[in-house]
Amino acid sequence: RINGATLRRFYRERYRPSGAVLAVSGDFDPALLRQQLEAIFGAWRGEPAPPRRFPAVTDPAPGLRVLLVDKPDLSQAFFAVGHTGTRRGDPDRDAVLAFNYTLGGGGFSSRLMALVRAEGGKTYGIRSEFDEGELDGSFAVQSFTRNDQLVGLLRQVQRELERMRREPPSAAELAAAQGSLAGGFLLRLKTTA
């Protein structure tokens, strides 16, 4: 249903100076760069973009829902366990990030990795993540394992999620999460591009 007129309307509504961000990195003279950028973009003017309208979001139905895609010819199973997450502007965002680092977002220092890889040997890797958006994002724990290990691994994940409810991050886990999140902030902005 997307055509040329749709794209032109989107461009007119969204590509405006009020929504633009310019990021520069490298070895440059800041004063000279500012002068060059003002020469290129200085006359770029326009009204702010109209507010974006989102459809109403309702909470998912309570309880557990399982979606199984049976591929008997495969020797490994992939799984994702999840629910709604947080919004980008949530005041508890930093606490959520520290919680997630401890649970499964902190790589080898996370509880899930220690449980299922270091102690259990059931998978090479497992992770959890919160995907933030303007509306409620998502939370997911994802991994893969041999078919015959799937049910046991899912039970371990469920127990660890319940343990996080009972035993929030310890002082040591919280310090590790804070150090990694603060120390790695700039690295998360860097890309190969």
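**Close-up views of a predicted model**

**View 1. Gly107 in the loop between α3 and α4.** Gly107 is found in the loop that connects α3 and α4; helices (H or I, at least four residues) and strands (E, at least two) are DSSP runs, numbered from the N terminus. This is a predicted model, in which local features need pLDDT of at least 70 and side-chain atom pairs count only at pLDDT 80 or more, while totals for chains, interfaces and linings use all residues. Residues are numbered from 1 along each chain as its sequence is written, and side-chain values use heavy atoms, with hydrogens and water left out. Gly107 counts as partly exposed because its relative accessibility is 30%; buried means under 20% relative accessible area, exposed over 50%, and partly exposed in between (1.4 Å probe, protein chains only). A distance of 16 Å separates the C-alpha atoms of Gly107 and Lys122, which are 15 residues apart along the chain.

**View 2. The three-stranded sheet.** Three strands form an open sheet in the order β1-β3-β2, with antiparallel pairing; two strands pair if DSSP finds at least two bridges between them. β1 (76-84) and β2 (126-131) are the edge strands, each pairing on one side only. Neighbouring strands of the sheet are turned by 15° against each other on average, direction ignored. Axes here are lines fitted to C-alpha atoms, for helices over the stretch in contact, and angles run from 0 to 180 degrees between N-to-C directions. Nine bridges join β1 and β3 in the antiparallel sense, and Ala77 stands opposite Thr145 in β3. β2 and β3 (residues 138-146) also run antiparallel, joined by six bridges. Ile126 has Ser143 in β3 as its bridge partner. The hairpin from β2 to β3 passes through six residues.

**View 3. Helices lying across the sheet.** Helix α3 (residues 93-105) lies across β2 and β3 and runs at about 160° to β2. Helix α5 (residues 150-166) lies across β1, β2 and β3, at about 145° to β3.

View 4. Thr102 has its place in helix α3. With a relative accessibility of 2%, Thr102 counts as buried. Leaving aside residues up to four places away in sequence, Thr102 touches Ser110, Arg111, Met164, Pro169, Glu173 and Ala177; contact means heavy atoms within 4.5 Å.

**View 5. The salt bridge between Glu173 and Arg111.** The side chains of Glu173 and Arg111 form a salt bridge at 2.8 Å, N to O. The pair links distant parts of the chain, with Glu173 in helix α6 (residues 171-183) and Arg111 in helix α4 (residues 111-119), 62 residues apart. A salt bridge is a side-chain nitrogen of Lys or Arg within 4 Å of a carboxyl oxygen of Asp or Glu. Arg111 is buried, its relative accessible area being 7%. Across the whole structure, a search finds seven salt bridges.

**View 6. Glu160 and Arg163 in helix α5.** Both residues lie in helix α5, with Glu160 and Arg163 three residues apart, about one turn of the helix. Their salt bridge has its closest N and O atoms 2.9 Å apart. Glu160 counts as buried at 6% relative accessibility, whereas Arg163, at 28%, counts as partly exposed. Salt bridges with shared partners join Glu160, Arg163 and Glu167 into one network.

**View 7. The salt bridge between Asp148 and Arg146.** The side chains of Asp148 and Arg146 meet in a salt bridge of 3.6 Å, N to O. Asp148 is exposed, with 63% relative accessible area. Arg146 is partly exposed, with 43%.

**View 8. A nonpolar surface patch.** Leu22, Val24, Phe28, Ile40, Phe41 and Trp44 make a nonpolar surface patch of about 590 Å². Patches are made of residues with over 30% relative accessible area and no salt bridge: like charges are joined within 9 Å, and nonpolar side chains (Val, Leu, Ile, Met, Phe, Trp, Tyr) within 5 Å. Accessible areas come from the Shrake-Rupley method with a 1.4 Å probe, and for residues only the protein chains shown count as cover. Phe28 lies in the loop between α1 (4-14) and α2 (30-41). At 35% relative accessibility, Phe28 is classed as partly exposed.
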